[in-house]
Amino acid sequence: VVRRLAFLALTLLGMSVVLFVITRLIPADPARIAAGEYATREMIQSARRELGLDRSLPEQYWVYLKAVTRGDLGRSVQSRRPVLADLSTHFPATLELSLFSLVLSTLVAIPLGVLAATRRGGKVDHASRVTALLGISLPIFWFGLMLQLVFYKHLSWFPHGGRLSSGLDAPSAVTGLYLIDSLIAMRGLVFVDALWHLVMPGLAMSGITIAVLSRMTRASMLDVLRREYVRVARAKGLPERRVIYRHALRNAALPIVTVLGIQFGILL
């Protein structure tokens with residue numbers, strides 16, 4: 001773990017260098033962007049001095065690196081607020097939605113992949129292939145719009161957006177995740193309403209993850225089901241359910257968990 005953390009620090013340092021160089025290679029003046037579209041030459045020069053862009057590139061990078069180690073990520077060009085303040089405001093909603101989508105994808109994709117592997121060539125297998133193809137092919141933004149069109153406009157089952165209905169106050173911020181904070185505050189109505197608001201965006205985001213995870217589960221299970229220890233378990237007369245879930249799925253879990261971690265990063 002210590003070795004991995006050390007490599008992580010070096011990786012982040014290398015990424016910061018690459019990103020810093022790339023932003024300086026882009027043919028755009030960040031001082032002009034920060035000053036605004038209708039800024040005068042004097043305003044642009046003032047913004048350049050304020051941002052430290054009048055210094056040499058190595059000096060700029062060193063100032064940036066020292067600020068980042070202190071937790072100072074600068075100010076947002078859009079909101080004019082500290083970036084860290086914007087992150088603390090908006091990231092909990094992103095994290096909650098990503099976790100909800102990941103849990104939803106896992107509950108659907110893993111059983112689907114197991115059924116597709118144990119019924120290879122059958123109807124469930126073909127249905128999982130179609131589901132995976134649709135999940136990868138349909139753009140998330142289009143899928144989200146269709147969910148809004150059907151379940152909000154025509155059926156009125158779910159809200160069109162937001163985190164809570166109007167008239168409900170957010171729970172006291174402990175984690176920033178409304179589901180957890182409402183449970184801590186023992187506000188069941190807020191929990192149900194927050195969960196209700198998560199369903200449609202969670203479904204929209206889970207399409208690709210379900211597709212990737214179900215195919216990975218199927219492929220890993222097919223590989224494990226051909227192993228000798230699975231044959232031995234069946235020869236001992238163990239129930240098929242126990243063979244599948246205790247012996248096969250447990251040993252097929254490593255690539256599945258790896259894909260879960262990658263997909264979580266993509267969802268964020």
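Val212 lies in helix α9, where helices (H or I, at least four residues) and strands (E, at least two) are DSSP runs numbered from the N terminus. The model is a predicted one, in which local features need pLDDT of at least 70 and side-chain atom pairs count only at pLDDT 80 or more, whereas totals for chains, interfaces and linings use all residues. Residues are numbered from 1 along each chain as its sequence is written, and side-chain values use heavy atoms, with hydrogens and water left out.

With a relative accessible area of 28%, Val212 is partly exposed; on this scale, buried means under 20% relative accessible area, exposed means over 50%, and partly exposed lies in between (1.4 Å probe, protein chains only). When neighbours within four places in sequence are set aside, Val212 is in contact with Val259 and Gln263, contact being defined as heavy atoms within 4.5 Å.

Two packed helices are described by the angle between their axes and the distance between the axes. Here the axes are lines fitted to C-alpha atoms, for helices over the stretch in contact, and the angles run from 0 to 180 degrees between N-to-C directions. The axes of helix α9 (residues 188-225) and helix α11 (residues 240-251) cross at roughly 110° and come within 8 Å. The two helices α9 and α11 are therefore roughly perpendicular to each other, given that angles under 35 degrees count as roughly parallel, over 145 as roughly antiparallel, 65 to 115 as roughly perpendicular and the rest as oblique. The crossing of α9 and α11 is right-handed; a crossing is left-handed if the near helix is turned anticlockwise from the far one by less than a right angle, and right-handed if clockwise. On the α9 side, Met221, Val224 and Leu225 meet Ile244, Ala248, Leu249 and Asn251 of α11. By class, this contact of α9 with α11 has 6 nonpolar, 1 polar and no charged residues, where Ala, Val, Leu, Ile, Met, Phe, Trp, Tyr, Cys and Pro count as nonpolar, Asp, Glu, Lys and Arg as charged, and the others, Gly among them, as polar.

A further contact of α9 is made with α7, the axes of α7 and α9 coming within 9 Å and crossing at roughly 145°. The crossing of α7 and α9 is right-handed. The residues of α7 that take part are Ile140, Phe143, Gly144, Leu147, Gln148, Phe151 and Tyr152, and they meet Met200, Leu203, Ala204, Met205 and Ile208 in α9. The contact of α7 with α9 comprises 10 nonpolar and 2 polar residues, with no charged ones.

In soluble globular proteins, nonpolar side chains tend to be buried together. A nonpolar core is taken as a set of buried Ala, Val, Leu, Ile, Met, Phe, Trp, Tyr and Cys residues joined through side-chain atoms within 4.5 Å. The largest such core has 31 residues, and those with the most contacts inside it are Ile110, Val114, Leu213, Met221, Leu225 and Leu249. Two or more residues are given to this core by each of α5 (83-118), α8 (178-184), α9, α10 (228-235), α11 and α12 (253-267), and α9 gives the most, with 10 residues. Apart from neighbours within four places in sequence, Leu225 is in contact with Ala117, Thr118, Val230, Arg234, Ile244 and Ala248.

Helix α5 also packs against helix α6 (residues 123-137), at an angle of about 135° and with the axes 8 Å apart. Helices α5 and α6 are therefore oblique to each other, and their crossing is left-handed. Leu112, Leu115 and Ala116 of α5 make this contact with Val124, Asp125, Ser128 and Thr131 of α6, and the residues involved divide into 4 nonpolar, 2 polar and 1 charged.

Ser156, in the loop between α7 (140-154) and α8, has a phi of about 55° and counts as exposed at 55% relative accessibility. Met186, in the loop between α8 and α9, likewise has a positive phi of about 55°, and with a relative accessible area of 75% this residue is exposed.

Ala253, found in helix α12, counts as partly exposed at 26% relative accessibility.
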